Amino acid sequence: MATTTVKSILNAIKMPKNLGKHNDVLFAIASVLVIMMLIIPLPTFLLDFLLIVNITLSLLILLLVLNIKNTKEFSVFPSLLLIMTAFRLALNVSTTRAILTQGTGFNVQVIMAFADFVVAGNFVVGIIIFTILIVVQFVVITKGATRVAEVAARFSLDSMPAKMMSIESELQAGAITDKEAEKKRREVRSESDFYGTMDGASKFVQGDVIASIIITLINIVGGLIIGMLMRGETLEQAINIYIRFTVGDGLVAQIPSFFMSFATGLLLTRGTSEQNLSSEFKTQIFEKPKVLYIAAGFCLFLMILPGFPKITLLFIALVLWFLGFSKNKQNKEEGLSEDGTPLSKEQMSKPTGPLDVSPLLKVERIELSIGTMLIPLVDESQGGDLLSRVTSIRRELALDMGIIVPPIRITDNNIIEQEEYSISINGTEVAKAFVRPTMLLAFNQMDNEPPTEECEKTNEPAFGLPAFWINADTKEQAENKGFMIFGSTAVIATHLTQVIRNNANVLLGREEVQNILNVLKETHPSLISEVLSAQGTKESPLGYIQKILQNLLQEGVAIRNSIAILEAVADAIGNVRSEQATELVRSRLSQQISQRIADADKSIKVIIFSQQLQNDIASSLIDSGDLQGTQTIALSYDVMQQVMKRTKESSSIVNEQGYEPVFLVSSAIRRSMYNFISKNIGKYIVISNTEVAQGYKVESLAIININ
């Protein structure tokens with residue numbers, strides 16, 4: 001009956017539920033009360049209650065620190081440390097007021113218990129214990145924790161950019177999603193904020209110890225003055241009352257203070273782990289049987305020395321030996337090595353074997369390595385925007401070239417120079433350059449005069465044109481002279497874009513082609529089915545399409561118009577090989593090709609070869625013998641040298657006129673002429689008559705002929 005009544009009363013009150021709804025208000029009230037304790041005298045029973053609460057809370061916090069796995073689980077600790085320090089000092093002030101005002105009538109039971117029972121009523125013993133606690137806490141724990149906090153804060157802040165860059169690299173590589181990347185960023189920022197805050201919060205503990213010493217000295221001196229001068233007590237009475245109670249009060253304050261100092265030191269030295277401290281202690285201290293055996297042997301050695309307690313040493317030696325024997329047996333049953341490290345299945349089946357190097361075979365499709373001084377360009381917290389520019393590059397190339405650029409991995413590289421960067425395609429370095437991260441690049445194609453007096457002459461890395469590095473404060477001066485100004489990030493992004501454009505054909509593999517076909521299959525299933533089921537050449541349909549797309553990208557022709565390309569492929573795949581089919585595809589893209597090279601009035605300025613020279617080249621073509629049907633020009637060495645010389649001369653003339661060289665030949669020799677010109681002269685555009693779309697006119701700037 002009584003139990004039912006009590007349950008009914010508790011259910012009606014619902015105190016925990018109601019308190020949970022207003023915990024913010026209660027927390028604010030408690031914080032204000034801590035401050036008020038410094039001013040308002042507290043009754044004896046309330047002081048006893050609060051002193052017990054102080055000790056209990058400090059112990060609770062220490063136990064929490066012992067059982068957490070990593071610092072992220074107790075991120076509120078710095079603020080809690082400040083609150084507990086303020087609470088403890090407020091109690092110290094309240095108990096000081098009570099001791100000095102009540103004198104012989106002082107009746108705070110917790111302090112009296114420490115004064116009488118803990119130190120056996122001997123204030124000298126109490127002073128010694130209090131002094132030892134202060135020394136241990138201040139010199140050993142607090143000083144060490146403060147130093148650890150400073151080092152942890154510095155290293156956490158220093159490593160933050162590299163961690164952020166690693167996260168962005170994983171995101172760009174597709175290893176993690178945007179949501180996972182944001183979560184990791186928050187974790188890195190939280191860790192940095194925690195150690196930075198702990199660096200300052202550790203000073204609270206140090207200040208608390210100093211304040212305790214000062215308060216205790218004031219209590220003793222003030223108590224003796226009040227007792228002897230104001231209350232007429234004898235020296236013996238004043239010492240017995242004020243020093244005894246003050247020492248008891250100091251011990252009551254130092255116990256929870258020691259708990260908090262100990263908790264602070266443990267939390268700072270924990271770092272990140274997957275286990276709590278007790279589990280780590282067990283696994284790391286008692287996991288090595290050999291160590292336990294050696295410790296047992298040392299205890300047995302001490303037994304034979306005179307004066308040592310033999311029974312105690314024998315007991316400890318037997319315990320250590322038993323622990324080592326048990327652990328060794330457990331390791332054998334669980335398939336572990338002698339030192340307790342786990343063995344893989346391969347190691348368990350075969351004691352020795354070759355090293356598995358398969359993870360090392362993975363090659364990044366595109367990798368941008370940067371020197372250490374360029375890391376801030378990637379770190380968004382320092383204003384770096386290289387990552388966002390890389391994302392823009394992928395979007396730009398998808399819209400312009402019609403290819404999905406693989407994720408670009410950005411890594412820091414200690415081997416290259418601090419201001420250098422290198423670009424690798426499929427594991428091979430294809431470009432390397434440098435930028436000045438604190439300067440700007442000034443470029444003026446019409447004028448090579450320096451933009452400012454203090455500048456550094458260089459070459460723009462993407463196209464090799466003359467440029468200058470200038471100081472940021474001279475930007476306006478350079479702009480007034482007609483120079484275009486670019487930041488370091490823009491320079492790297494432009495260079496990276498150009499490298500990807502030049503190597504787009506290399507980046508287009510069969511997997512990428514299959515992805516394109518999968519997308520088109522949803523809207524054009526019959527076309528895709530016809531192309532993939534075609535037979536007639538030695539090339540596989542997928543490889544056939546890949547080679548044609550690679551040929552187009554190699555010459556800078558976008559493959560966005562994939563439907564027109566595949567329709568042309570469908571007409572050619574059963575009849576000719578991929579090299580010849582490329583010419584048919586290009587003729588279907590004549591509008592796109594003409595628009596790309598024509599000027600505003602639809603005029604295409606070209607360099608042409610004489611008809612006789614084209615006939616000679618066509619008659620000399622021989623098959624290279626590959627599956628794709630590649631043809632090679634087989635003119636005599638002297639004729640080839642004359643062709644090369646005349647082509648270079650014509651290119652120079654056209655360049656001097658301000659035009660980009662474009663060569664016009666017949667479709668029969670176009671691909672072979674492109675291979676010849678790009679290999680021996682430069683990567684210029686070569687078109688055929690069938691690629692000039694209706695509405696465009698051709699204007700000859702030079703004619704190449706040999707006698």
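How many residues does helix α16 have, and what distance does it reach from its first C-alpha to its last? In this predicted model, helix α16 covers residues 488–502, which makes 15 residues, and it reaches 21 Å between its end C-alpha atoms, close to the 21 Å expected at 1.5 Å a residue.

| Helix | Residues | Number of residues | Expected span | Span in the model |
|---|---|---|---|---|
| α16 | 488–502 | 15 residues | 21 Å | 21 Å |

Helix α16 is mostly covered, since twelve of its 15 residues are buried; among them are Ser 488, Val 491, Ile 492, His 495, Leu 496 and Ile 500.

In helix α11, the buried residues are Pro 289, Leu 292, Ala 296, Cys 299, Leu 302 and Met 303. Why do these residues lie on the same side of α11? They do so because the arc they cover around the axis is only 140°. An α-helix has 3.6 residues a turn, so residues three or four places apart point the same way. The face of α11 that is turned away from the buried side carries Lys 290 and Ile 294, which are exposed.

**A covered strand**

Strand β5, formed by residues 439–443, is mostly covered, with five of its five residues buried. Met 439, Leu 441 and Phe 443 point one way from β5, whereas Leu 440 and Ala 442 point the other way. In a regular strand the side chains alternate between the two faces of the sheet.

Which strands does β5 pair with? With strand β7 (residues 466–471), β5 pairs in the antiparallel sense over four bridges, and in this pairing Met 439 stands opposite Asn 471. With strand β8 (residues 484–486), β5 also runs antiparallel, joined by three bridges, and here the bridge partner of Ala 442 is Ile 485.

**A residue in a loop**

Gln 418 lies in the loop between strand β2 (408–412) and strand β3 (420–425). Is Gln 418 buried, partly exposed or exposed? Its relative accessibility is 46%, and therefore Gln 418 counts as partly exposed, given that this class lies between under 20% for buried and over 50% for exposed.

Although Gln 418 and Gly 371 are 47 residues apart along the chain, their C-alpha atoms are separated by 4.2 Å. Leaving aside neighbours within four places in sequence, Gln 418 is in contact with Gly 371, Thr 372, Met 373 and Leu 374.

Conventions. Residues are numbered from 1 along each chain as its sequence is written. This is a predicted model: local features need pLDDT of at least 70, side-chain atom pairs count only at pLDDT 80 or more; totals for chains, interfaces and linings use all residues. Side-chain values use heavy atoms; hydrogens and water are left out. Helices (H or I, at least four residues) and strands (E, at least two) are DSSP runs, numbered from the N terminus. The expected span of a helix is 1.5 Å times one less than its number of residues. Buried means under 20% relative accessible area, exposed over 50%, partly exposed in between (1.4 Å probe, protein chains only). Contact means heavy atoms within 4.5 Å. The arc is that of the directions from the helix axis to the C-beta atoms. Two strands pair if DSSP finds at least two bridges between them.
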